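Good morning, and thank you for coming. Please have the sequence and the structure open while I speak.

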Amino acid sequence: MSGLPPKSSVKRWLVTTNHKDIGILYLLTSLFFLIGAGVLALLIRVQWLPGGSVLTGAEYNQVVTAHGLLMVFWFLSPFAFAFANYFVPLQIGAEDLAFPRLNAMSYWLYLFSGLAMVTSFFQGGTHQGGWTLYAPLNVPAFVPRVAEIGETTAVIGLALFVTSVTLGSVNFLTTIYRMRADGLRMRDVPLFSLSILLTVWMMLFAFAALLAASILLGSDHLLGTQYFLSESGGSLLWTHLFWFFGHPEVYIVFFPALGALAEIVQTFSGRRLVGRKWFIIAMALVTIQSFIVWMHHMFLTAINLPIKTVFMVTTIGISLPFDLMVFALIYTMIKGKVRWTTPFLFALGALLFFIIGGITGVFLGAIVLDYQFRGTYWVVAHFHYVMASGAVALIGALYYWYPKMTGKMYNQFLGKAHFVLAFIGFNMLYFPMFIVWETPRRYSDYSSQVVWEVPFTDFAIVDAGFTVFHQIATVGAFLFAASFLIMFYNLVKSLYSDRTVEESPWAYTGSAEWATDSPPPLENFPGKPTFANGRLNFLTGTEATDGGVEVMEADRSEPATDGGVASQVEELPDHSHDADHASWWPLLLSAGLLVTALGLSGLEQSYVLWPFVLSVPVFVAAVGVVGARRYVASNPEVSGSTTTHKLLVLGSVPLLAGLLAAFHAQHGIVDGFTEANRYFFVALGGLVYTVYAFVAMGYESFEVPEPELNEAWPFEGVTNTKLGMWLFLGSDIILFGALVGSYVFIRFQSGWQDWWHDAGLPEAAHQVLPGLINTYLLLASSFTVVLALAYARRGHKRGTMTFLGLTFLGALGFLANKAYEWNEFINHEGWTQTSDVMGSTFFLSTGIHAAHVIIGMVIVVFLFSRASEGAYWGEDEDAHTIEYFGLYWHFVDIVWLFLFPMFYIL
Amino acid sequence: MLVTGTSLSLSGLTTVAQASENPVAIFDSLYTAFLVLGTLVGVVVIAYILYNAWTYRSDDSTQDGEYDIEETHDEESVARPQLGEVPTGVGKAGGKKLFVSFAISAIAVLGLITFAYWNLLLVEGTPDDADDMEIDVVANQFNYTYDYPGGENEAEVLYVPTDRVITLNVTSCHSPGTLDRGEYTSDQIDSMECPNVSEGEVENVGNVWHSWSSPDLRASGDAIPGQYTETWFVADEPGTYRVVCRELCGSGHTSMNVENGVVALEDSEFEDWCLENDCMAEEELTNWLDRTEGES
């Protein structure tokens, strides 16, 4: 399926995998969430109007929580990634992202996770503990019963969002490293794309910690584990996990804005960025340092003085690289030709906000001040200045790139009016909060509230003075909100204006996106972009009669350099006509996951695993059916499906029967289904569908040409998919690191040695042997994967399939052994994940590993079926897929090598 | 800018050294120093940005039918961006200025860190020679109780004598009990002091995370299940002081805002209250009050 319908067609926007279309989708969706989260913000202000109090305490808490979550996760980052999607490939001279279908999936998962979050409001109420979701207020014991389902939906929505982000990070990293135009070295990548590169590096690791946190929290909700209820550090564990993610998140949100700022200031100052190299080094430094400042959010906990001091130093110290960046931006304006256009005004505003937010942040870094600022409006005002600086810079980016994305220019006067109103409104909203900073955060009612002490005097205003400042803030909030109405009107109206723009409406632009049409064509450039001879050139290949490709150079850069045309002629591969740009599966698969998520939220503990278990036979059958259909369709010479296909379809029936028997053992087959609540059927239906969509997407023929003639340092030696797999495993390491870390943390807090004595499991039942057997089984299955790969490379069908089969059997043995062990624990010893925190950590950590094993087996089934059709070992085939699976499988083994001593020996 | 900044920090240092050993004074001097320095830096930097943006504004007029000025690349000294160039910086231009500014901010930041650390040592732990009274603060949804060293009784309001170092060990309520999903309605949870106890497997369930703070006394500590956080204060004047909760702890969070959360009493009054409420053994109390007379 390669044809992409025209932009006027709705279908286009559902099936597209093109990065520019997806950028537009991100843009519109994030603005939609901006409106939603903005309305919630106004509700907060309305609550405090004289005689206000429109919300109860619980409702107010939901509004505060949802405002924070939606703004941070579903507006700010995705808004930045709208531009990243649209402009990173254009800036680096690529045709699209490395994995277009994955990119579409990132978008749909983002949209659907946001919808899940919104849905949670209507399931009795969403989370009520603030966007930081502090423990143990976030566990079922402290959640009002009516809101439990909504709460769970919010947590699962968060996990879906993290999935979207992880896919996106892998995609962008692979793209920026491997798909740059020829001659564009890493250091030459335009600043916005560089800032995205550093952002996704942070995302890859930071969001993995959030994924771990949301898995643990989701498990506390659905499976009854006790991570965050545990008094052995459960509360602190949450803050460590959350802020290990949460502080890099600040820079994740801000970096794209910083990159955009650099581009805008450079263009509208008409001067190249001063100290570009140092600017980049400073950004890289912050990227690393962002992972060692998180405990400054926990200064008031019982962390000891030396650790606090280290974190105070790293925290205040992180302002230094930012100082350098701000100075670089300021000096760029000197001797410039500064034009006060709309984008520049927003960049200027963002810079001012950032300076105020940065300076007030240094206050918070000083521990003694933080002790008193914690939980006050100083914090609220500070981080809104920082976050809004990011948002305002990105609004500037919207005004900067709008002509490029639409081919139309907006009304400049309305643009400036938007800025003036937003700037005044924002400062009216947040500056007074610094003055009445003693206001405690997240209070729904301030009628008897504190005083404002005028600094340096004995003069203090009680109540009334406090109220006045908050009322000014409320007026500011409405002005700020109103300013966006101007923006929406202006941008929508301008789409239909006759103010067309050519390639670049702005003077002194530099990067490649300005060298192509506005909006750019599907394939982005008039030819293959290259910087090989020091400037941007486009190579255009035309079919020559002898089948070779003749290369012409079109110099589109302005002004013309020497006027000469380089006579470089070489083979120019032209794949653009066979690249695919459309697929239904990203949308359908993500929709399946949304339905599953909504179903899971209301499951009772004893039902949680069954939708997953029962969808396994569906997967096996689907691989058989879809595989056979595809095989017959693409190989006209064969008469029918292979034996493997038939075996898979036939085998799924006894498998289903066996699993239903297991279901019968727990619930009774009739009672189980009749007594299940409707969420069970939603989850089951959703998963069955998801599994089918997954298979169908796996089998879909979707051509993405491997990049050629481009700059891929430092990863010239690997393919896109292999790099992507490495990066994904990198984030998976953090996931397991967080799981093991949580176990170690809780065990340490409860006195390391006493752990197993305190567990509800008799000492005699806690044996090393099952773990040891499983270690051998997994290691053996790693060797068989290597052998399967070796045989596939030799073109040996039977060897390939035998060893794939043996890998599957090894994994099956692992699971069977584990099932036996768990059965002992659960049914004979009565020790489960709900018994105690030892049980929670044991069953969840090894359970998530087991889930990785099962996912591996699922992939082996798929590989086995494909191998039977001739893939991997046949002529014109390559064994890469087996190699990449092998990477994953070895990783799963290595994880076990850590889990085994942790849970069996120590 | 540098010179002013440093001298300000120094004057801040002397203020702290002279201040009585009281978190209020320590906070005030540090806050003042940061506020003055921060305002100064903010005003100077913002003014400089606006000055540059205004001074170097282009007076070229926008070309006909275009949206921006015409590009010129005639000056040798200024590196202007050109479409299609390999994005590079301006070479060495501006580098020196950048480094000087960076060095200045580095010195200022290092100064701030040192200054802040020195203050930290002052508030972290009570003064060395302090003969303090230690009181446990236990947070619940949605109130605080105070356990005095001697007594069985728990107070709902923190009564303290003036001019004495009071150390608080802040924690969140904990009690054995079991809580299953959906066992309680929201009303029940709201009214609970501690999660209720029922037969079951789970032990040692804590209450949620709160944060005890008395803004006027500049004393704060997070109340975390299973953890103790230490903080201390000295009430100079008899009177009442507000206590607030600074971590969102549920639907009643707002109500954990107690106007008379701390009551500081003259010695004799405190003695009366204490003996009546069994806060300390009588002899011990008298000795302590005598011993610490005029200490702070």
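I shall speak about the contact between the chains, then chain A, then chain B. Please keep in mind that this is a predicted model.

Let us begin with the contact. Chain A contributes 109 residues to it, and chain B contributes 96 residues. On the chain A side, several helices each supply at least two residues, among them α3 (57–92), α7 (234–269) and α11 (342–365). Which helix gives the most to this side? The helix is α10(A), with nine residues. As to the kinds of residue, the side of chain A that touches chain B divides into 59 nonpolar, 31 polar and 19 charged.

The largest nonpolar core has 354 residues, and A:Ala209, A:Ala212, A:Leu261 and A:Val368 touch the most other members. Helix α6 of chain A, residues 191–222, provides the largest share of this core, with 24 residues. Consider A:Ala212 in particular. Apart from its neighbours within four places in sequence, A:Ala212 is in contact with A:Leu241, A:Leu735, A:Ala738 and A:Leu739.

Next, please find helix α18 of chain A, residues 643–667. This helix has 25 residues, and from its first C-alpha to its last it reaches 36 Å, close to the 36 Å expected at 1.5 Å a residue. Within α18(A), the residues A:Thr644, A:His645, A:Leu648 and A:Ser652 are buried. What do the buried residues of α18(A) pack against? They pack against α17 (610–634) and α25 (837–868) of chain A. Just after α18(A) comes A:Gly668, with a positive phi of about 85 degrees.

Two further places in the loops of chain A deserve a look. A:Ala135 and A:Pro136 are joined by a cis peptide bond, with omega about 0 degrees. A:Pro136 lies in the loop between α4 (100–120) and α5 (148–178) of chain A. The other place is A:Arg442, which is not a glycine and yet has a positive phi of about 60 degrees. A:Arg442 is in the loop between α14 (412–435) and β2 (451–453) of chain A. Is this arginine, A:Arg442, buried or exposed? A:Arg442 counts as buried, because it has 21 C-beta neighbours inside 10 Å, and the cut-off for buried is 20 or more.

Now to chain B. Its secondary structure consists of six helices and twelve strands, and 38% of its 296 residues count as buried. The domain assignment gives domain 1 as 1–54 + 94–124 and domain 2 as 133–177 + 186–291. Four residues of domain 1 are in contact with five residues of domain 2. On the domain 1 side, these residues divide into three nonpolar, one polar and no charged.

Chain B has an open sheet of five strands in the order β3-β2-β1-β5-β10, with mixed pairing. Its edge strands are β3 (154–155) and β10 (229–234), each of which pairs on one side only. Strand β5(B), residues 165–172, runs antiparallel to β10(B), and six bridges join them. B:Ile166 stands opposite B:Phe233 in β10(B). In the loop between β4 (158–161) and β5 of chain B we find B:Asp163. Its phi is near 60 degrees, a positive value in a residue other than glycine. B:Asp163 counts as buried, because it has 20 C-beta neighbours inside 10 Å.

Finally, please look at strand β8 of chain B, residues 210–214. Five of its five residues are buried. In a regular strand the side chains alternate between the two faces of the sheet. In β8(B), B:His210, B:Trp212 and B:Ser214 point one way, and B:Ser211 and B:Ser213 point the other way. β8(B) pairs with β9(B), residues 219–223, in the antiparallel sense over five bridges, and B:Ser214 has B:Ala219 as its bridge partner. These two strands, β8(B) and β9(B), form a hairpin with four residues between them. In the turn, B:Arg218 has a positive phi of about 55 degrees. β8(B) also pairs with β11(B), residues 239–245, in the antiparallel sense over two bridges; there B:Ser213 stands opposite B:Val244.

Thank you for your attention.

Notes
Residues are numbered from 1 along each chain as its sequence is written. Chains are lettered from A and ligands numbered from 1 in the order in which they are written. This is a predicted model: local features need pLDDT of at least 70, side-chain atom pairs count only at pLDDT 80 or more; totals for chains, interfaces and linings use all residues. Two residues are in contact if their C-beta atoms, placed from the backbone, lie within 7 Å. Ala, Val, Leu, Ile, Met, Phe, Trp, Tyr, Cys and Pro count as nonpolar, Asp, Glu, Lys and Arg as charged, and the others, Gly among them, as polar. The expected span of a helix is 1.5 Å times one less than its number of residues. A residue is buried if 20 or more other C-beta atoms lie within 10 Å of its own, exposed if 12 or fewer, and partly exposed in between; C-beta atoms are placed from the backbone. Two strands pair if DSSP finds at least two bridges between them. A nonpolar core is a set of buried Ala, Val, Leu, Ile, Met, Phe, Trp, Tyr and Cys residues joined through C-beta atoms within 7 Å. Domain bounds come from an automatic or database domain assignment.
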